[in-house]
Amino acid sequence: MEKFKGKNLRQITPPAIEAFKQEFLKTPTKHGGKRSLATVNNHLRVLSKIFSLAMDAELADANPCFRVRKFKLNNQRMRVLSREEEDRLFEAIGDNELVRNIVTVALHTGMRRGEIFSLKWFDVDFNRNLIQVRESKSGKKRFVPINETLKSLLGSLKRKSEFVFPSPRTGGRLDNIKWSFRQAVQKAKIEDFWFHDLRHTAATRMAEAGADAFTLAKILGHSDIRMTARYTHATDSAIRRAVANLDEKDKNPDFGNVLVTKQKRQAGGLP
């Protein structure tokens, strides 16, 4: 609105959108931070959607956003919180109960920030120990199991609103905890860590505990199994087990024959 106010749709051309893209990237955030490429891309998506709706209503002939390239993101980044860093983070959060509880839920479910903010008591089933995620990124509902840590936490909360974690100011849906979370991360001296990395941490820990890609995809709400496979392809424990198996060959000269015999027996080829 600030950039294109007063212009009609025909005046919003690809060069004008490209100029907006570059200018917006250079503007600092509300708290003086650096604008992320993902945020700029999200604004371009909103603008593109506006033009799509305009075309459906026959108010525009084309979508100029199609001729503007979005910034290329490094979606392979995966930062995982160590146990020692987790202890420091919770210590830094201190008595901020709201942030502490939300971080705990993220670490024990892998839910996205928006999914946690939108969680209502109606969606928490203590009888079946399940959380129903209604507003997911994929648009599909899914169920996330409640473990003992989460059950104890949710059972201790007072129901002040229909939302599990309501806004302290309005009692409605929580809008953000970014500032409080960033303060805690900085105080804990944890480098290059963002809220979404709590989801990566939960997924990686589940994978290291033996969860396969299909199970993780259901829990995380991934529509493409390839998004989940990165958590199971090369976890630290799997790498260590693979290398540890080489010790057996050095300790036992017949290791190869024993392994083949074991495989044949499992396949039903030997008694």
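I take helices to be DSSP runs of H or I with at least four residues, numbered from the N terminus. I keep in mind that this is a predicted model.

**Entry 1: Asn41**

I started with Asn41. I found Asn41 in helix α2, which covers residues 37-56. Is Asn41 buried or exposed? I read a relative accessibility of 2% for Asn41, so I noted Asn41 as buried, the limit being under 20%. I then asked which backbone oxygen the side chain of Asn41 reaches. The oxygen belongs to Phe71, and the distance is 2.9 Å. I also listed contacts, leaving out residues up to four places away in sequence. Asn41 touches Lys70, Phe71 and Leu73.

**Entry 2: aromatic rings**

I looked up the aromatic pairs next. The structure has 4 of them. I took Phe4 and Phe20 to begin with. Their ring centres are 5.7 Å apart and their planes stand at 55 degrees, so I logged the pair as tilted. Where do the two residues lie? Phe4 is in the segment before α1 (14-26), and Phe20 is in helix α1. The pair therefore ties together parts that are 16 residues apart in sequence. I checked accessibility for both. Phe4 is buried at 12% relative accessible area. Phe20 is buried too, at 14%.

From Phe20 I went on to Phe24. The ring centres of Phe20 and Phe24 lie 5.5 Å apart, with planes at 10 degrees, so this pair is stacked. Both residues sit in helix α1, 4 residues apart, about one turn of the helix. I recalled the general rule: an α-helix has 3.6 residues a turn, so residues three or four places apart point the same way. Phe20 and Phe24 are both buried. I wrote down Phe4, Phe20 and Phe24 as a cluster linked by ring pairs.

**Entry 3: charges over rings**

I searched for Arg side chains over Trp faces. Arg159 lies over the face of Trp121, 4.4 Å from the ring centre. Arg182 lies over the face of Trp194, 4.1 Å from the ring centre.

**Entry 4: salt bridges**

How many salt bridges does the count give? I got 13. I followed up several of them.

I opened with Glu23 and Lys3, whose side chains meet at 3.1 Å, N to O. This pair links distant parts of the chain. Glu23 is in helix α1 and Lys3 is in the segment before α1, 20 residues apart. Glu23 has 41% relative accessibility and counts as partly exposed. Lys3 has 32% and also counts as partly exposed.

I turned to Asp61 and Arg10. Their side chains form a salt bridge at 3.4 Å, N to O. Asp61 is in the loop between α2 and α3 (83-93), and Arg10 is in the segment before α1. The two are 51 residues apart, so I filed this as a link between distant parts of the chain. Both Asp61 and Arg10 are exposed.

I moved on to Lys120 and Glu162. The closest N and O atoms of this salt bridge are 3.5 Å apart. Lys120 lies in the loop between α5 (113-117) and β1 (124-125). Glu162 lies in the loop between α6 (148-156) and α7 (178-187). The pair therefore ties together parts that are 42 residues apart in sequence. Lys120 is partly exposed, with 29% relative accessible area. Glu162 is partly exposed, with 49%. I also noted a network: salt bridges with shared partners join Arg83, Glu86 and Arg205.

**Entry 5: helix α6**

I ended on α6. Which residues of α6 are buried? I noted Leu150, Leu153 and Leu154. They cover an arc of only 90 degrees around the axis, which puts them on the same side of α6. I looked for what covers these buried residues. The cover includes α4 (97-109), β1 and β2 (130-133). I then checked the face of α6 turned away from the buried side. That face carries the exposed residues Glu148, Ser152, Gly155 and Ser156.

What caps the N-terminal end of α6? I found Asn147 there. A side-chain oxygen of Asn147 lies 3.3 Å from the backbone nitrogen of Thr149.

Technical notes
Residues are numbered from 1 along each chain as its sequence is written. This is a predicted model: local features need pLDDT of at least 70, side-chain atom pairs count only at pLDDT 80 or more; totals for chains, interfaces and linings use all residues. Side-chain values use heavy atoms; hydrogens and water are left out. Buried means under 20% relative accessible area, exposed over 50%, partly exposed in between (1.4 Å probe, protein chains only). A polar contact is a pair of N or O atoms within 3.5 Å; within protein, one must be able to donate a hydrogen and the other to accept it, and residues adjacent in sequence count only if both atoms are side-chain atoms. Contact means heavy atoms within 4.5 Å. Rings of Phe, Tyr and Trp (its six-membered ring) pair if their centres lie within 6.5 Å; planes under 30 degrees apart count as stacked, over 60 as edge-to-face and the rest as tilted. A charge sits over a ring if NZ of Lys or CZ of Arg is within 6 Å of the ring centre and within 35 degrees of the ring normal. A salt bridge is a side-chain nitrogen of Lys or Arg within 4 Å of a carboxyl oxygen of Asp or Glu. The arc is that of the directions from the helix axis to the C-beta atoms.
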